[in-house]
Structures are given as structure tokens and as C-alpha cells.
Amino acid sequence: MSTTTGQVIRCKAAVAWEAGKPLVIEEVEVAPPQKMEVRIKILFTSLCHTDVYFWEAKGQNPVFPRILGHEAGGVVESVGEGVTDLEPGDHVLPVFTGECKECAHCKSEESNMCDLLRINTDRGVMLHDQKSRFSINGNPIFHFVGTSTFSEYTVVHVGCLAKINPHAPLDKVCVLSCGISTGLGATLNVAKPKKGSSVAVFGLGAVGLAAAEGARISGASRIIGVDLNANRFELAKKFGVTEFVNPKDYKKPVQEVIAEMTNGGVDRSVECTGHVDAMISAFECVHDGWGVAVLVGVPHKDAVFKTNPMNLLNERTLKGTFFGNYKPRSDIPSVVEKYMNKELELEKFITHEVPFSEINKAFDLMHKGEGLRCIIRMDA
């Protein structure tokens, strides 16, 4: 048994004290896990755009001081009351949404939107007692989406932890705990393109390129990348993108451009920008009769999706997805195995690495639009 079991652990964490200000490395106290909770030692974490969005606190409720971070890999240090399927030493990926395995959603083969553990960006405390497990000098520091991985130790509900192959390199598979799985699953689990089909991907950031990777794995013959940044096309080729369309290069709507390129529209499209105009284009560019469009990006809260109802009546299908339709505990371990079996490449998503002490560099890289994923080494 660990000598720290049941004890408060003092460790370093990157604290966001206020919106948009650089994170500060502080010594925090991390309380032991309570009922159905697990305390884990984070070894690697990475920066996702969602962290930046809530750090900037533009358009949502600001919750500070807070420990951000939700894409990571770590090792179980200790478990709380009622936890039976994890033990100290297990390798895990914390996930921003959960799987209680008991609610109607968890029991459904079609849904991964757990009633109990669905993402809640406003909640800064644990479910069990509505208290934080982090503090500095007795003052609470708030959690972020139930994970808070920008800390050497964190406490997570057991339902938000995927137990994975201990031989999987955590500095690679940690990116599967959010963005890469979201894009990959949107294609493989929801769009489900057939071999030889055509797929359009809107937005060639990390999530969009993961969607393209899913299309490549599916055997799509044409993968059309749509982005306003022409510099992304060369990189996108590594993920299977065969053609590139920049909407700025045309005077007509991009959906009309794609329809002309593909003799009536693509078989599948995946939208990964969160901009409602791109969502409409992604839907209207699929072929009538069988086309399926999948929305992944999160729009502005006031956005409205408008299209002519005939686009639906002409047998186009519009779908949405959350975390690629993966159930975290049940499905993510098998996605890790895809990487271990060399069916899925993760290295090409990882473009930078920084030590934990330089975590603010990762934010700078994302602001500049440089690279895809920056791995943050907690031991450096």
C-alpha cells in the first residue's frame, strides 16, 4: 500500500488565478479520494483548445481560481470507498465525460451521454460532497470538468477514468482522452464511411485531422479538407486528406463547390469548427439519397442552424456527436489497442513538448496556431 494512501499530498499544480492571465505553478494540497473517487499521479498532460477557451472565460461563467487540464495519462495512487475496478498502479486516462454504467444512457448501445457524469463546465467541485479536493493554505482551488490534469496529483470520479494497457506509452496515448478520440469516433462510429467513399472534413485542427484519420482508416478514396488556412493542407496530407478547399478562394458557397467536385456531393462530411456557417455547409454538401453529415464542433450558445427542409426530405441525414460516441470506460481501452496494434498513428498529432514548469509556452503555441498537440511532461 502506498505511504500516501489516506494522506493529504502536497504537490505542484498550474493554477489559473484569473481569466487570461498566465498560469502560476503553486504548491497545492490534494485531499484523499472520497466515495467513488480515485487519486491519480499525472505523468503527461496536453493542452486542448477547450482549456484555452475556459481560461480566457469569454462567453461562459468564469470559475477561478481553477486547475485546468483534461487530456492526460497517469497512474492510480489510491482509491476511495466503493471503487472496485481500479487499484493503485493501474494506468488510466482521465476523461472529461463519464460512464456510470447504471443510467439509461450508459445502458443504451446508442448513447454515451451519461446522466451522472456528463461534462459540466461550471462545476468546480466533486459530486460526492460538493467540495474541492484542491486547496492552498486552506482555501479551495476549483476543479475543471472533473479532471484538472494540470496538477501532479488530481482526484477524479471513477466513472471518468479509462483503465488502459500498462504497456501503452502514456506520453502518446494521453491525447486519446479528448480531441483525437472525438474526431476519430465522429468518423468511425457516427459517419461510418464505406470503403471507396468520399468524405469532406471541415476544420483541419487536431480534431478535424483525427476525423480525416478515421476516414483514412475506413478506406475512403477521397478525403476533402476544408479550411480557411491554406498552410494546413500540407500537414493534412499525412492524415489522408487528398484534396483541399479554401472557401475564401471561391465566390460561391463552399457546399456548391464540393457538390461540383463530387458529382452531386460527398457521401459523408464531418464538421469540426464550431462555426454555424461551416455546419450548414457540411450538411448541404452531402449527396442526396444517402449523404450523412456529422457535427462535432461546439457552436456559440446563440447560434441558429438554418437550412431548407427539402435538404432533409431529399434523404440527407444530419447527426451530432459527443466525444465521438465513445463510452470512456468501455470503449477507450480498445482505441488504445488500435494504437498498440499500429492501426492508429498518434505520433503525427504530437508536434511539441514542454516541461511542466513551462506550461504557459503550450498556451503561446496554441494562440499562434502552431502545431497540433503539445505534450507537457509533469516530471520535468
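Me: Over residues 206-337, what percentage of the chain is helix?
Reply: The model is predicted: local features need pLDDT of at least 70, side-chain atom pairs count only at pLDDT 80 or more, and totals for chains, interfaces and linings use all residues. Numbering starts from 1 along each chain as its sequence is written, and side-chain values use heavy atoms, leaving out hydrogens and water. Helices (H or I, at least four residues) and strands (E, at least two) are DSSP runs numbered from the N terminus. Between end C-alpha atoms 20 Å apart, residues 206-337 are 15% strand, and the helix share is 37%.

Me: Which domain does UniProt list for residues 206-337?
Reply: The entry is unreviewed, and such annotations may be inferred rather than shown by experiment. The name that UniProt gives to residues 206-337 is "Alcohol dehydrogenase-like C-terminal".

Me: Are helix 4 and helix 5 parallel or oblique to each other?
Reply: The axes (lines fitted to C-alpha atoms, for helices over the stretch in contact, with angles from 0 to 180 degrees between N-to-C directions) of helix 4 (residues 179-191) and helix 5 (residues 206-218) come within 7 Å and cross at roughly 40 degrees. Angles under 35 degrees count as roughly parallel, over 145 as roughly antiparallel, 65 to 115 as roughly perpendicular and the rest as oblique. The two helices are therefore oblique.

Me: How many residues of the contact of helix 4 with helix 5 are nonpolar?
Reply: Contact means heavy atoms within 4.5 Å. Ala, Val, Leu, Ile, Met, Phe, Trp, Tyr, Cys and Pro count as nonpolar, Asp, Glu, Lys and Arg as charged, and the others, Gly among them, as polar. Six are polar and one is charged, and the nonpolar count is nine.

Me: At what angle does helix 5 run to strand 10?
Reply: Helix 5 lies across strand 10 (198-202), strand 11 and strand 13 (268-271). Its angle to strand 10 is about 170 degrees.

Me: In what order do the six strands of the parallel sheet stand?
Reply: Strands pair if DSSP finds at least two bridges between them. Strand 12 (243-245) and strand 15 (317-320) are the edges, each pairing on one side only. The twist averages 20 degrees from one strand to the next. The sheet is open, and its order is 12-11-10-13-14-15.

Me: Which residue stands opposite Val226?
Reply: Strand 11 (residues 222-226) pairs with strand 12 in the parallel sense over three bridges. In strand 12, the residue opposite Val226 is Val245.
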